[in-house]
Amino acid sequence: MEHQNIDRTSWRCKYERRKKCKARLLTYGRTLKIMRGEHSHESFLTDDLRIIYFTHGKKYPKLIIDRYEFMLERKYADKTAWTCKYKEKKKCKARLLTFGRTVKLMNSTHNHIADFNGDVESLISTFVNIEEKEKSYIQL
Ligand SMILES: [Zn+2]
Ligand SMILES: [Zn+2]
């Protein structure tokens, strides 16, 4: 698949400004290359980077993350909303938003197991930055 090869993205650490961190990564296809690995702090950018998959079909696109399948719910000018494929069948409330290279998990709790068992090799893979709606740290 030729478009996987041109799919290069460089990433900077999310603490670049706050902690003057200079760590950099490069991703393409399913490869992650560390350009500059030393962080000036304890967290690692790679914790939040994950591979997601898209189906090729334009009509009913699907997004697969950690073997959970999502269906396109609605496209906005700057973002796309996705809901779990079991929204109707099992009343699963998991949902997320995608914009650029970011996936924002609005609700990441499924009420069923991850059951996508198709071949991800045949899908379009891309690295994204995962954002949880709930923050990992709460200000005291
Ligand atoms: Zn860093
Ligand atoms: Zn679900």
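In what order do the three strands of the open sheet sit, and is the pairing parallel or antiparallel? Select β1, β2 and β3: the order is β1-β2-β3, and the pairing is antiparallel. Now pick out β1 (8-12) and β3 (31-36), the edge strands; each has a single partner strand, so one side of each is left without a neighbour in the sheet. Neighbouring strands here are turned by 20° against each other on average, direction ignored.

Zoom in on β1 and β2 (residues 24-28), which pair over five bridges in the antiparallel sense. Show Thr9, and opposite it in β2 you'll find Thr27.

Before going further, colour by pLDDT, since this is a predicted model. The protein averages 86, and 87% of the residues score at least 70. Confidence is highest in strand β7 (residues 80-84), at a mean of 97, and lowest in helix α1 (residues 2-5), at 46. Select residues 1-5 and you have a stretch where pLDDT stays under 50; the model gives these residues four contacts beyond four places in sequence.

Select Lys20, in the loop between α2 (16-19) and β2. Lys20 isn't a glycine, yet its phi is positive, about 50°. Is Lys20 buried or exposed? It counts as exposed because 10 other C-beta atoms lie within 10 Å, and the cut-off for exposed is 12 or fewer.

Last stop: Arg67, in the loop between β5 (62-65) and β6 (68-75). Arg67 is another non-glycine with a positive phi, about 70°. With 13 other C-beta atoms within 10 Å, Arg67 is partly exposed.

Notes. Residues are numbered from 1 along each chain as its sequence is written. Chains are lettered from A and ligands numbered from 1 in the order in which they are written. This is a predicted model: local features need pLDDT of at least 70, side-chain atom pairs count only at pLDDT 80 or more; totals for chains, interfaces and linings use all residues. Two strands pair if DSSP finds at least two bridges between them. Helices (H or I, at least four residues) and strands (E, at least two) are DSSP runs, numbered from the N terminus. Axes are lines fitted to C-alpha atoms, for helices over the stretch in contact, and angles run from 0 to 180 degrees between N-to-C directions. pLDDT is the predictor's confidence in each residue, from 0 to 100. Two residues are in contact if their C-beta atoms, placed from the backbone, lie within 7 Å. A residue is buried if 20 or more other C-beta atoms lie within 10 Å of its own, exposed if 12 or fewer, and partly exposed in between; C-beta atoms are placed from the backbone.
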